[in-house]
Amino acid sequence: MKPLIQKLTETFSPSGYENAIRAVIRAEIEPLVDELRVDALGNLIARKGTKTAGGKRIMLAAHMDEIGLMATHIDENGFIRFTGIGGIRPTALNGSRVRFVSGVPGVIGTDRITDPTKAPTLEQCFIDVGAASRKDCPVKVGDVCGFERPFLDLKKRLVAKSMDDRIACAVLIETLRQVKQSPHELYFVFTTQEEVGVRGASTSAFGIDPDLGLAVDVTATGDTPRCLKMEVALGKGPAVKVKDAGMLADPRVVAWMIRSAEKAGIPCQREVLEGGTTDARAIQLTRSGVPVGCLSIPCRYVHTPSEMVDHDDVLNAVKLLKALLSKAVTL
Amino acid sequence: MPLIGNAQLKLLERLSNASAVSGDEGEVRQIVLEAVRPLCDTVKVDALGNVLAVRQAATRRPGGKAPLKVMLTAHMDEIGFMLVAEDGEGLYRFETVGGIDLRQLVGKSVLVGREHKPGVIGARPIHLTSPEDRRRTIALDTLRIDLGTGGKAAPGERAVFATRYQRSGDLLFCKAIDDRIGVATLIELLKAPPAQIDLLVAFTVQEENGLRGAKVAAHALDPDVGIAVDSTPALDLPAWDGEENVAYNVHLGQGPAIYIADGSTLCDPRLVRFFHATAEAEKIPCQFRQPGGGGTDAGAIHKARAGIPSLSISVPHRYGHTAVSLARLDDWKNTLALLHAGLQRLTPAVLAGERR
């Protein structure tokens, strides 16, 4: 899966501007699915199979957008002021390199920071694309960029920008390849605008009207020095989410996921995330309500340009999804 | 082509002077209903109090296909106050409704309730304050609305800033420009509707406390396109030190502000490009709103049902969400002109491809 992960994470598609990543994913999955469509918000919706006896309409969601920056002002000397798209961490900005969706690269600098112990605010940062004047600047107000950082293969561990949530896109694509038999009508949805408030998942879930929803996303870990204590660690398998700040997973779905992992001998961990949420929240609150769960890929340094996952966790996530989707579900 | 003259200014004056704090929009709704009933095929007031006014297309599309359904919203509600409890002697504890900076409440006159009873958020005269007092922000729970001894109001009644509409040539000074100027704009559009589209106009409630009216209105109207028409704060005062202003949001006098992104919506790029191209073709001044925070009804519309391509266009004004805003007549005229020109050119082809 490594070449696929590299291809997905090296594509630039911040929230709202997902067409580049949509084209990459579409090329991967087109031969594998029965129906493919794109909705008004740009969600890529792929159907595989139809409902048979005991089957459900299941929506699987991985978001294809990533956090990024949007130009708000080009000053007379060609420096670009910007705002964040999604949860930008100012500590990770200074010295970062970015690439605009148009292909233009740039670096982030800051105003003079008088207190070196404080992180700069977004307002104190700017992007320098090497322009000498406003006229000379190839970037316009409203142009968006992502963080530039090549994929890094540390063998057991993989590092890239936008592992959140391209790693789950890779997991869904690989699952789509491997699932041969399923009693379910499966919707693989590559959602948009998750990072700005799970927006794509809410409209795609309304359109699909599923019986069951599963988001696949990254989650934080508690296995780095002096971090916030948390049970999840890299390398102990994909995590079954019990709750996060925006969603309480359906306990029946949680039990089904853990039971299936145990039965198939796939390592997995239970996850309680205190901040943040995923597409599962939006699916759960669609129409009259939908039972949902979330399969998480443990990930260090989330929302920095160097997000790290464990390769075995990724492979086990595919295995678990395959096991979950191959059999009938009784909740 | 709709124009803005004395009748339109009179209407804006009535709208601006009316009291309609979120959740109690009746006074503005009455004015709206009066204006739109003669213009529309159907006019409905929904459960939350939105006015849903529909004017169907005059012409059919080739092949008898249904016309494009375009939803426009402007919110009727405004920021203000709700009285919470009487403290005796005509003094009332109150809460704010919508985003209000507490620092600018002290010493403002207000109008309470549907009868517009005069009141004041009292301030101590300067000679009864200490230097420390004057450096402190006054907490909301120590402020009162004073109706005077014998003044009566009921908990739950709303209050607005008492500012009355004034015009000086091209300049408008009034409260609730946000979003009565949008309401007035949509009334004019209903008078001169583009022939080829179904115009679905929602005069919405409860925008200032979380885009609530627009959410249910968009579900009910189920449009193909959504456009929020609102007002947006200009932070365009000249810098005292000659430095370039890089955080202006929009500038007064530079025309309608087309949104690319705010806190609630990443606008549909196809609609952004289309309205910008329309402005250029028609030589209507316009500007991009500086991407950043804030939100409009578009934030609720684009997430309705299976998703609706949406955009916001605003009239710029200074000092939004305070007792008095300052807007320019030419910005209003250009906003109306851009919306009208854009809607006249709008076809399904604009949205035929994927969002990009």
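Where in chain B is H116(B) found? The points below take up this and other features of the model.

1. This is a predicted model, in which local features need pLDDT of at least 70 and side-chain atom pairs count only at pLDDT 80 or more, while totals for chains, interfaces and linings use all residues. Residues are numbered from 1 along each chain as its sequence is written, chains are lettered from A and ligands numbered from 1 in the order in which they are written, and side-chain values use heavy atoms, with hydrogens and water left out.

2. H116(B) sits in the loop between β6 (109-112) and β7 (117-121) of chain B, where helices (H or I, at least four residues) and strands (E, at least two) are DSSP runs numbered from the N terminus. Although H116(B) is not a glycine, its phi is positive, at about 55°.

3. Chain A gives 30 residues and chain B gives 27 residues to the contact between them, contact meaning heavy atoms within 4.5 Å. The two chains bury about 2200 Å² between them, 57% of it on carbon and sulfur atoms; buried area is the accessible area (1.4 Å probe) that two parts lose on being put together, summed over both. Of the area that chain A buries against chain B, 24% comes from A40(A), R199(A) and F206(A), more than from any other three residues.

4. Across this interface the rule finds 3 salt bridges, each a side-chain nitrogen of Lys or Arg within 4 Å of a carboxyl oxygen of Asp or Glu. R22(A) forms a salt bridge with E354(B), with the closest N and O atoms 3.2 Å apart. On the side of chain A that touches chain B, at least two residues come from each of α2 (19-29), β4 (68-74), β5 (80-85) and α4 (199-208) of chain A.

5. In chain A, 3 strands form an open antiparallel sheet in the order β10-β11-β18, where two strands pair if DSSP finds at least two bridges between them. Because β10 (152-154) and β18 (307-310) of chain A stand at the edges with a single partner strand each, one side of each is left without a neighbour in the sheet. Strand β11 (residues 157-160) of chain A is joined to β18(A) by 4 bridges, and M308(A) in β18(A) is the bridge partner of V159(A).

6. Two cis peptide bonds deserve a look. One runs from D164(A) to D165(A), with omega near 15°, and D165(A) is in helix α3 (residues 163-178) of chain A. Another joins D178(B) and D179(B), with omega about 15°, and D179(B) lies in helix α4 (residues 177-191) of chain B.
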